[in-house]
Amino acid sequence: MTLISTNMPTAELQALDTAHHMHPFTNNAELGAKGARIITRADGCWLNDSDGNRILDGMAGLWCVNVGYGRKELVDAAARQMQELPFYNTFFQTSHVPAIALSAKLAELAPGDLNHVFFAGSGSEANDTNLRMVRTYWDLKGKPGKNIVVSRWNAYHGSSVGSGSLGGMKGMHAQGGMPIPDIHHVGQPNWWAEGGDMTPDDFGRMRARELETAIEELGADRVAAFIAEPVQGAGGVIIPPTTYWPEIQRICDAHDILLIADEVICGFGRAGNWFGSQTMGIKPHIMTIAKGLSSGYMPIGGSIVCDEVAEVIGNAEFNHGYTYSGHPVACAVALENLRILEEEQIITRVQQDTGPYLREKFESLTEHPMVGEAQIVGMMGSIALTPDKASRAVFEAEEGTVGYICRERCFANNLIMRHVGDRMIISPPLVISKSEIDTLIERAWKSLDEAYATLRERGLFKARPAA
Ligand SMILES: *Cc1c(COP(=O)(O)O)cnc(C)c1O
């Protein structure tokens, strides 16, 4: 067999990719016709591809490379741990130093009495754990019927059967028999798309009260937990109106419902604090973590659990776990990643320096003729594309058509910026510098201009008539 390496011509690598590699969340036939872009190396905020391009990564990989690419300390931590103890399980009355050290460190960083960590290999797995943990908690408290978990439409909680059911992505539910029973969805606090004539504050309260209505209809003795991302990520970086979270917190407290904050994106500095729950002022019983926990250098996720839930679960045998729960190499890398975030004061810099700088530049994109609103918190932001700002109109073309055109222009201009429907989103490495932010914004402007010209040319800059 020929040696497959980065020295191979791009077309050959693409052909092999098409022949054998099934990409997630992708129409593989379409991708095959076009060929995937082959990423070969990366450093800081920059990717190299097999054609020699340097691409600014405005998405930190997939919301995860918080400390940037090429951190040798993380490589060394992995190599050291692999030599010492590459694997051991934590199922059968054994433990190891990386899992002990990382769980203790997470207990120190997490707010309140979130002092206990159950490890998983990913965010999806961690949310499967959460689903079973909250149901088991109420069962052990003598309330086996309190097993419904309420989530939100357009939430993203992962791609396994359990976590995909918790999520509210209808396109996912349509494939493979989801959602599983006893998951209930309520509306998302997306004022731009769904707020109609209401003020954002009224809309935020209204959407929060959908949870209360659901609890009243289902019965508080049936509802185990509410799960939500502090700020929706994959749903399009939707920052809820300020009225939303306080009302959700009140409702969960009043009806004795556990609150699960899915911090997979918001955690580890992304939203300007260690955890998005701190930015949004919420007090969860469980936090889901993954992505930025290791800056994506190793796959690892987990649940940080409060004293009360951990105590109840801990008094029985929880028949649940993953071979790679607390994987020593992943834990060692995560621990080193947390050290870097802390010692280099990366989150403080996001909060006080580069975050506000990015905000100012990013918000200036609303001066572009097709950008309606810009929303940003910490280092996650989105812009809404619209043919008419005043009425917050949607495009006549099928949702996502315009976003896709814009995304393609960004790609061509060597900027990674994703589209979710007709929203464009960014989530750069937290270490992005001011001059790199300038480059990001310049390339975004250029791409928006080009997309705008294409829309005009193709007659697509048109609002959908009101129904
Ligand atoms: C990415 C993500 C997940 C799933 O994590 P995986 O590691 O891909 O399984 C869960 N929740 C949120 C909020 C995410 O963004």
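How many bridges join strand β14 to β15, and do they run parallel or antiparallel? I looked this up in the predicted model. I found 3 bridges between β14 (residues 418-420) and β15, and the two strands run antiparallel.

**Entry 1: around β15**

I went on to the hairpin that β14 and β15 form, which has 2 residues between the strands. Gly-421 in this hairpin takes a positive phi near 60 degrees. Val-420 stands opposite Arg-423 of β15.

I then checked strand β12 (residues 380-385), which is joined to β15 by 4 bridges and runs antiparallel to it. Here Ala-384 is the residue opposite Arg-423.

Next I asked which way the side chains of β15 (residues 423-426) point. Arg-423 and Ile-425 point one way, Met-424 and Ile-426 the other way. I noted that all of them, Arg-423 included, are buried.

**Entry 2: nonpolar cores**

I looked up the largest nonpolar core and found 87 residues in it. Those with the most contacts inside this core are Leu-102, Leu-106, Phe-268, Phe-275, Val-309, Ile-383 and Leu-385. The core takes at least three residues from domain 1 (26-57 + 345-458) and at least three from domain 2 (72-343).

I followed up Ile-383 and left out residues up to four places away in sequence. Its contacts include Phe-362, Leu-365, Val-371, Met-417 and Leu-448. Ile-383 also touches Glu-373, Asp-422, Arg-423 and Met-424, among others.

**Entry 3: the seven-stranded sheet**

I traced an open sheet of 7 strands, in the order β4-β10-β9-β8-β7-β5-β6, with mixed pairing. The edge strands are β4 (114-120) and β6 (183-186), and each of them pairs on one side only. On average, neighbouring strands are turned by 25 degrees against each other, direction ignored.

Arg-152 stands opposite Val-186 in β6.

Which strands does helix α6 touch? I found that α6 (residues 123-140) packs on the sheet and touches β4, β5, β6, β7 (223-228), β8 (258-262), β9 (286-289) and β10 (301-306). The direction of α6 makes about 160 degrees with that of β9. Helix α11 (residues 244-254) also packs on the sheet, where it touches β5, β7 and β8. I noted about 165 degrees between the directions of α11 and β7.

**Entry 4: the four-stranded sheet**

I traced another open sheet, with 4 strands in the order β1-β2-β3-β13 and mixed pairing. Its edge strands are β1 (39-43) and β13 (415-416), each pairing on one side only. Strand β3 (residues 54-57) runs parallel to β13, with 2 bridges joining them. Leu-56 stands opposite Leu-415 in β13. Helix α17 (residues 434-457) packs on this sheet and touches β2 (46-49), β3 and β13. The direction of α17 makes about 100 degrees with that of β3.

**Entry 5: cysteines**

I looked for disulfides and the count came to 0. A disulfide needs the sulfur atoms within 2.5 Å. I also noted that Cys-406 is buried, with a relative accessible area of 1%. Cys-410 is buried too, with a relative accessible area of 1%.

Key:
Residues are numbered from 1 along each chain as its sequence is written. This is a predicted model: local features need pLDDT of at least 70, side-chain atom pairs count only at pLDDT 80 or more; totals for chains, interfaces and linings use all residues. Side-chain values use heavy atoms; hydrogens and water are left out. A nonpolar core is a set of buried Ala, Val, Leu, Ile, Met, Phe, Trp, Tyr and Cys residues joined through side-chain atoms within 4.5 Å. Buried means under 20% relative accessible area, exposed over 50%, partly exposed in between (1.4 Å probe, protein chains only). Domain bounds come from an automatic or database domain assignment. Contact means heavy atoms within 4.5 Å. Two strands pair if DSSP finds at least two bridges between them. Axes are lines fitted to C-alpha atoms, for helices over the stretch in contact, and angles run from 0 to 180 degrees between N-to-C directions.
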